[in-house]
Amino acid sequence: MAARELVRAGKRVTILEARDRCGGRIYPLPAEEFGYPAEGGAEFVHGAAPVTRALMREARLSLLPRGGTRWSARTGKLSPNDPSPPHMGRFYQALSEVNADLPIAEFLERHFADRRYDEMRRSITRTVEGYDAADPRRASTLALRDEWMARDDGPHGRIAKGYGALVEYLASGCRRYGAALHLGAAVRSIDGARGRVAVRCCDGATYEADAAILTVPPPLLSEIALPSAARKRVAAADIGFGNVVKFLIRFATKWWADHGGRDLSDLSFLLSDATVPTWWTQYPDGYPVLTGWLAGPKADRVWSLAEPALIEMGLGSLGEIFDLPPDRIRRDLVAARAINWGNDPFARGAYSYATPRTRKAQSMLKETNDGLIFFSGEALYAGPDMGTVEAALASGQETAQTILIG
Ligand SMILES: Cc1cc2nc3c(=O)[nH]c(=O)nc-3n(C[C@H](O)[C@H](O)[C@H](O)COP(=O)(O)OP(=O)(O)OC[C@H]3O[C@@H](n4cnc5c(N)ncnc54)[C@H](O)[C@@H]3O)c2cc1C
């Protein structure tokens, strides 16, 4: 996004990408594998997402709204809809009165330690861990409040041809305007002197420019050698970064659609207390694929498991939820993936979240006194959609504007 804005404004741009593909944490899998371009990374467009939606209009990409019925397996049996836990009115009231930021776990302990709030505390913790992939002992209460208050601003859904189509649109725009795009170009160091930067890649190639925009995920910032002022800013950056293991399991049939006498043919999301707790379908599309989600501290704990063991874990969770022996589930299996983003060398996790010190850290990282090295990407976005594609696009656009007006 940053490259496209700059190249369209007449700047000479070179994109250095470590992987052999564009998109990063947008990761479309080959259509043959799951019967459609399944998403190994980002999948949904959440909320208002103004920059994403504007880009989709420009690229003539439509949104497939999410629909269907959400089921819960929390009480040991499947039931439609997940009822809201008790005391939520009280929770939102206390949340609206917070002035000084603190981690959400501390907020819950301070106001809702009593046993009668157990269920509500568990539900909030699950949301923070599962949706934000965050550690509740670190996640900012004020940032979560912003996110929860802003959440229902627009229809949620998927891009009809997948997020890959958006990446392809941006990449072809960059090429059309003359940007150079180098794949397999892992950056090792960036030096800045006398108003120029020199960027070195692991294969020894060097590129010189007036400025560099660094958009790697936060854990990778410290792996790139930077001039001391930029290094200090990176070292002090307190930005949370959570992990996700995403499971994609393709079956021969939608065996769950009519299960145990229940009609689950329009199943959208399935929430449970199984080891892999959250699952969803491609509804309204009818592909016989279930996607599983294990996020936050629980995803960190499985770092040592290789993909086959993770897939077994996913199948075991489905067996538990549907009360079926794993063999019965395995019988219908066509293809499976379990993508542990924490073990991806160019991501080292899934997406960022705010701690009470993140907003300050973001402002500090955005101070570009020398005008040579700019930090950008989803972790630098300070609005309510942190950790999303919207955050990444908005941040890229903002950085390009800063350079163009500077
Ligand atoms: C499993 C998963 C599910 C998600 N679901 C959603 C969702 O449903 N909706 C949503 O909006 N968001 C979702 N997200 C978050 C979203 O994908 C990210 O916030 C967004 O794509 C980040 O974009 P970015 O450009 O900031 O970073 P990235 O996409 O990570 O781009 C950074 C790029 O830098 C490259 N790189 C790293 N190191 C180097 C180096 N040394 N040299 C050169 N290049 C390097 C990487 O290969 C990568 O291409 C999800 C993420 C994950 C992992």
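Let's start with a strand pair: β7 and strand β8 (residues 196–201) run antiparallel to each other, joined over six bridges. Keep in mind that this is a predicted model.

- Ala193 stands opposite Arg196 in β8.
- The open sheet is made of three strands in the order β7-β8-β9, with antiparallel pairing.
- Its edges are β7 (187–193) and β9 (206–209), each of which pairs on one side only.
- On average, neighbouring strands here are turned by 20 degrees against each other, direction ignored.
- As background, strands of a sheet pair through backbone hydrogen bonds, in either a parallel or an antiparallel way.

**The nonpolar core**
- The largest nonpolar core counts 99 residues, and Val244, Val245 and Ile373 have the most contacts inside it.
- Leaving aside residues up to four places away in sequence, Ile373 touches Ile190, Gly192, Val197, Ala212, Leu214, Leu226, Ala230 and Thr368.

**Helix α14**
- Which residues of helix α14 (residues 358–366) are buried? They are Thr358, Ala361, Gln362 and Leu365.
- Looking down the axis of α14, you would find these buried residues within an arc of 100 degrees, so they line one face of the helix.
- Lys360 and Ser363, on the other side of α14, are exposed.
- The packing partners of the buried α14 residues are α10 (228–235), β11 (240–242) and β20 (373–375).

Conventions:
Residues are numbered from 1 along each chain as its sequence is written. This is a predicted model: local features need pLDDT of at least 70, side-chain atom pairs count only at pLDDT 80 or more; totals for chains, interfaces and linings use all residues. A residue is buried if 20 or more other C-beta atoms lie within 10 Å of its own, exposed if 12 or fewer, and partly exposed in between; C-beta atoms are placed from the backbone. Helices (H or I, at least four residues) and strands (E, at least two) are DSSP runs, numbered from the N terminus. The arc is that of the directions from the helix axis to the C-beta atoms. Two residues are in contact if their C-beta atoms, placed from the backbone, lie within 7 Å. Two strands pair if DSSP finds at least two bridges between them. Axes are lines fitted to C-alpha atoms, for helices over the stretch in contact, and angles run from 0 to 180 degrees between N-to-C directions. A nonpolar core is a set of buried Ala, Val, Leu, Ile, Met, Phe, Trp, Tyr and Cys residues joined through C-beta atoms within 7 Å.
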